[in-house]
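Me: I would like to go through a model feature by feature. Please give the general idea each time and then the case.

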Amino acid sequence: MEEQDKLHDENQDEHHNEEKKQSRRKFLRDVGIIAGGAVAGGAAMYAGIHYEDSKPPSGERLKLLAQDGKLLEVDAHHVAEVHLPEGELLMKEGREGLPGHKWVMVVDLAKCRNARKCIDACQSAHHLRPEQYHINTLQMKESKKTAPYNMPKPCQHCDNPPCVSVCPVDATFKRGDGPVLIDNERCIGCRFCIAACPYSARVFQWFEPPMAEEDKDLTYNVELNVPQKKGTITKCLFSADRLREGKLPYCVSACPNGVYWFGDEMEDAVTNGTTKETVSFSELLKQNAGYQLMPELGTKPRVYYLPPKNRLFPFEDGIEEEHNG
Amino acid sequence: MQYSYDQVASDLFRPVRFNKGHIIWLGILTIALFLCLYAYSIQLREGLGVAGIRDYVSWGMYISNFVFFVASSLIGMLMSAVLGLIGMKWIRPLTRIAEIIALAFAAVAGLVIISDMGRPERLPFLFLHGRIQSPILWDVTVVTTYVIISALLLYLPLIPDLAMGKKILTKPKILVKVYEILSVKWRGTKAQWDIIHRSMRILLILIIPVALAIHTVTSWLFASTPRVGWNSTIFGPYFVSGAFVAGIASVVIAMYFFRKNYKLEKYITELHFNNMAKLLVLVSLVYLYFNINEFLVPGYKLEKGDAIHLHDIFVGHNAGLFWFAQLFGMIIPIVLLLFRQMRKPFPMLILAILIFVASWIKRYIIVVPTQEHPFLPIQHVPSNFLIYQPTLIETAITLATFILVLMIITVLSKLFPVIPVWEMQEEAELNEKGGQS
């Protein structure tokens, strides 16, 4: 190294006055600096990555719950927060659901007095028109000899949903935790799902949705279906956004008459939306002769009904009898 | 046969030019089309709600029309492939007419389905996010395939005619140029004929399953749901047999007008109308058989849902349309066509128009009433949700699709001879030889 420097100096002395050569040397030196810088920078980056890998484990182990419900353990220094854009996150979470749960609803027909509070709460949460029902209360009369009764009818969130089978673009989908959701950013508006649904549970946005103007800056939440979009389907979501917060669905909480029980089939527990009482789901069905709507169609609904015993509520207006149920 | 070999080419190329009458006709069609497209622009702006469809009857005129278009397009397969392959010679002057009709209806059917979409701009999602489980995906696939094969079945036998035409036609220059390009240097060598014959044979065999598939899959759009009135195992053959009835009606109407306007009486003769009438009776009887199965079997048992559905279409508020469709689309033609006088061109035209209208109404009866009677009652909704009432706008949009079909048929039949020239020459040659020996 020393010798080289010496040679270098000698050369410099020798061509001291030759500007041409000097300028070439200057050029070479500049190139050298740039190249050296680049190499050094690259090396530093490499070293950095290498250091990150070779860094001794902090010793602190963290237990994390993966999205599929598996419990994982990782070293603390590897943990970093992931920032997804809000829309993407909502969509990702919304499509994946809440692992480890199977949501169910039980509707006690003996209790329903057609207060329609469930409908109001639902329509205001989902920004719907008065004639657009995610949940509707129907006046049922099965035969001339039986008394009529009120039947709240949300989407049945079938485990074998005909609507999902026929959807051509995966806009409507069945989640692992039970609900059948609709992604109105994917829906092409073919309405095959309306044709396929035996429970008439689906609603179409025939015109611009009523709150389109107010909602236009909101990020789309697939679990709430807000903002609603013209030319797409909207439907009952089992209030998936509320479930994520650990709350009961909008309709369940709004009922003044204790009609709704909602809970988790995997815990075999359902909670009454009005009394907040929690009971065994299977016992409730067994003791009250719980049933499903049109189980013969093989749709496997997740909504159960308790029969309308003590039908004491006369209807003021006539009821429509012409239906196939 | 009344035509000689020398006449054939001049007779059949004579109508190939646009005269004043046709330009006016096309002009009227274009203006009408733009009026109807204005209706579609309203639908795009306001939403599908400008049509009468609502949450319960959510498939109305558009889907009925789609089924009708797919049905009418099946005639190409019946005429060229089924009758052609079993060696029916009399259909030769009619095959091109049938193919033009098939192509026009099949191609426009794709547009009909777009008019029914709430979000037509998301059409590419079918390819980007398509789910193979959905019958819609199957329908898109087979209809596209059918359009391509039909176009080839129209084009391949046209090549020898194009080569002939570029010599016979003198003006307009642009048409001669088109003929020259499309005739792909056809010289009529044995090798070239071999290629045409072989590829035609392959296509004619291929189109049979594809045609059966397009209408069977279309019927599955309904039969794959649990709804009363659609939940039927015979919907596939029921739709296919009905399709032949509708398709023959379209061909008879076209035959009549081409024969009159293009002065083709020597080529499309009373014999052809007579034969088409017999074919019509045959397919109508098959259709009648499926109708008996479709209505009598559930009608005998009268399960709860079926009882309501059948009551509605037999004597309820859809009964008028139902009986019109059944009587004029099937039963009356079967009876009348037993008489020789009714198998003449003009009575055939009248019957064909009636069948055409009745066939459209039949599709409507298949699509709409089922949705007016869902399993659960329709309550607490505005009264227009209960009964489907088509609006002026959706009628105009539906009309637009018919105008498009007419335009395609008009243009194709003016650009090219509607009767295969070389096939007629072959016939004439055979006849002349036969006469000498």
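Me: What covers the buried residues of helix 12 of chain B?

Reply: An α-helix has 3.6 residues a turn, so residues three or four places apart point the same way. In helix 12 of chain B, the buried residues are B:Phe273, B:Met276, B:Ala277, B:Leu280, B:Val283, B:Ser284, B:Tyr287 and B:Asn291. Their cover includes helix 11 (235-261), helix 14 (319-336) and helix 15 (345-372) of chain B. Buried means that 20 or more other C-beta atoms lie within 10 Å of the residue's own; 12 or fewer make it exposed, anything in between partly exposed, and C-beta atoms are placed from the backbone. Helices (H or I, at least four residues) and strands (E, at least two) are DSSP runs, numbered from the N terminus. The model is predicted: local features need pLDDT of at least 70, side-chain atom pairs count only at pLDDT 80 or more, and totals for chains, interfaces and linings use all residues. Residues are numbered from 1 along each chain as its sequence is written, while chains are lettered from A and ligands numbered from 1 in the order in which they are written.

Me: How many residues does helix 12 of chain B have, and what does it reach from its first C-alpha to its last?

Reply: Helix 12 of chain B (residues 270-301) has 32 residues and reaches 46 Å, close to the 46 Å expected at 1.5 Å a residue. The expected span is 1.5 Å times one less than the number of residues. Just after this helix, B:Leu302 takes a positive phi of about 50 degrees.

Me: Which residues is B:Val367 in contact with, leaving aside its neighbours within four places in sequence?

Reply: B:Val367 lies in helix 15 of chain B and is in contact with B:Trp59, B:Ile63, B:Ser64 and B:Val67, leaving those neighbours aside. Contact means that the C-beta atoms of two residues, placed from the backbone, lie within 7 Å. B:Val367 counts as buried because 26 other C-beta atoms are within 10 Å.

Me: How is the packing of helix 8 and helix 9 of chain B to be read?

Reply: Two packed helices are described by the angle between their axes and the distance between the axes. The axes of helix 8 (residues 159-168) and helix 9 (residues 173-182) of chain B come within 8 Å and cross at roughly 145 degrees. Here axes are lines fitted to C-alpha atoms, for helices over the stretch in contact, and angles run from 0 to 180 degrees between N-to-C directions. The contact is made by B:Leu162, B:Gly165 and B:Lys166 of helix 8 of chain B and by B:Val176, B:Tyr179, B:Glu180 and B:Leu182 of helix 9 of chain B.

Me: Which way do the residues of strand 5 of chain A point?

Reply: In a regular strand the side chains alternate between the two faces of the sheet. From strand 5 of chain A, A:Tyr149, A:Met151 and A:Lys153 point one way, A:Asn150 and A:Pro152 the other way, and all are buried. Strand 4 (residues 136-140) of chain A runs antiparallel to strand 5 of chain A, and five bridges join them. A:Met151 is the bridge partner of A:Leu138.

Me: What is the order of the open sheet of five strands in chain A?

Reply: The order is 12-11-10-3-13, with mixed pairing; two strands pair if DSSP finds at least two bridges between them. Strand 12 (278-280) and strand 13 (303-306) of chain A are the edge strands, each pairing on one side only. Strand 11 (residues 269-272) and strand 12 of chain A pair in the antiparallel sense over three bridges, and A:Val270 has A:Val279 as its bridge partner.

Me: Where are A:His157 and B:Lys185, and is each buried or exposed?

Reply: Most residues other than glycine have a negative phi, and most peptide bonds are trans. A:His157 has a positive phi of about 45 degrees and is in the loop between strand 5 and helix 5 (162-166) of chain A. A:His157 is buried, with 25 other C-beta atoms within 10 Å. For B:Lys185, phi is near 55 degrees, and its place is the loop between helix 9 and helix 10 (190-223) of chain B. B:Lys185 counts as exposed because it has 9 C-beta neighbours inside 10 Å.

Me: Which residues does the cis peptide bond join?

Reply: A:Val226 and A:Pro227 are joined by a cis peptide bond, with omega about 0 degrees.
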